[in-house]
Amino acid sequence: MLPWFSTIKRQLEQRASQSSLHHALLFSGAAGIGKHVFANSVATSLLCKSLGDQGACGECQSCELITAGSHPDFHIIESEKQIGVDSIRNAIQKLSGTAQLGHNKVLIVVAADTMTEAAANALLKTLEEPTANTYLILLTESLNRLLPTILSRCEKIKLPTPSHSESMAWLTTQGHSSVDDEQLSAYGSAPFKVKAALEEGEGLTFSDFSEKMSELTSQQTDALTLANKWQSDAQHVVSWCQQLAHKNYVASQTKNSFTQYQACTEAQKHLLHPGVNKTLVLVTVLKLFS
Ligand SMILES: [Zn+2]
């Protein structure tokens, strides 16, 4: 379990035991803090047939089926791009009957803000008239991208971003013990993003970036070489450059660091345009750091 969510989890479990938990929960929080993992663990508690003070028992039929990934009353909707009306209708259909295990039913909607309007409206009916013993858990990084009608029918729970020490302790349990403050900040203090970056093994990592930037400053490499190399990671590179500029500015308050910062803001805007020449955008920014 993720320690930074443990208080919230305990509160939700207590309310579930007292049958006073809202049937529609909306978890919001930054990317990469573990919202989905948390939602899964809350769902496990809601489905467990002998939920106790320590959470789900881990031994009942329900807990075993969840571990096996085949619980008939547990459904998840997630999509790479957009959640369409068909996925929502499908899930609602599955939730409409009585629970196959005779207990609760849970549906998690990951990135609920990507629902099309039709999908959101289909879900709305279930939010208004839920079937018995059914819990809906919606996840989002940004509340203001959801329809007000959805927002008003859910209990909104803000999930906290973990502190650096909590993130580092957790990353150590995941086998990554050498993460420092700077690396964490580079990934928006989001431990799951750091873990993914360390484990992906491809793409640019923050430590590679830092190393090459020192080479750039000491003229061992040049802006164009790096810009060509980093094209496919352009967005990461620009946001890391911006953090570097911010750090430089805090340290020295030079005009140059302010110019660097502004150039990064501009570059981020340019990168949003499809078909933009990424090398050119990167060269403009990187030259200011050489
Ligand atoms: Zn159980």
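Trainee: By class, which residues make up the lining of the second largest pocket?

Mentor: Classes first: Ala, Val, Leu, Ile, Met, Phe, Trp, Tyr, Cys and Pro count as nonpolar, Asp, Glu, Lys and Arg as charged, and the others, Gly among them, as polar. Here the lining of the second largest pocket has 7 nonpolar, 5 polar and 4 charged residues. This is a predicted model, in which local features need pLDDT of at least 70 and side-chain atom pairs count only at pLDDT 80 or more, while totals for chains, interfaces and linings use all residues. Residues are numbered from 1 along each chain as its sequence is written, and side-chain values use heavy atoms, leaving out hydrogens and water.

Trainee: How much space lies in the second largest pocket, and which residues lie nearest its centre?

Mentor: A pocket is an open set of points on a 1 Å grid over the protein atoms alone, where a 1.4 Å probe fits, with protein on both sides within 12 Å along at least five of seven lines; lining residues have an atom within 4 Å of a point. Volume is the space filled by probe spheres set on the points, which are joined across faces, edges and corners. The second largest pocket holds about 310 Å³. Of its 16 lining residues, Ala 31, Lys 35, Val 110, Ala 111 and Glu 141 lie nearest the centre. Helix 2 (35-47) and strand 4 (134-140) each give two or more residues to this lining, and helix 2 gives the most, with 3. Helices (H or I, at least four residues) and strands (E, at least two) are DSSP runs, numbered from the N terminus.

Trainee: What volume does the largest pocket have?

Mentor: About 390 Å³. It is lined by 20 residues, and Ala 186, Tyr 187, Lys 193, His 236 and Trp 240 are the closest to its centre. Helix 8 (181-186), helix 9 (191-200) and helix 12 (234-252) each contribute two or more residues.

Trainee: At what angle do helix 12 and helix 14 pack?

Mentor: Axes are lines fitted to C-alpha atoms, for helices over the stretch in contact, and angles run from 0 to 180 degrees between N-to-C directions. Helix 12 and helix 14 (residues 278-287) pack at about 15°, with axes 11 Å apart. They are therefore roughly parallel to each other, a term for angles under 35 degrees. The contact (heavy atoms within 4.5 Å) joins Ala 234, Val 237, Val 238 and Cys 241 of helix 12 to Lys 278, Leu 282, Val 285 and Leu 286 of helix 14. By class, this contact has 7 nonpolar, no polar and 1 charged residues.

Key
Parallel < 35°, antiparallel > 145°, perpendicular 65-115°, else oblique.
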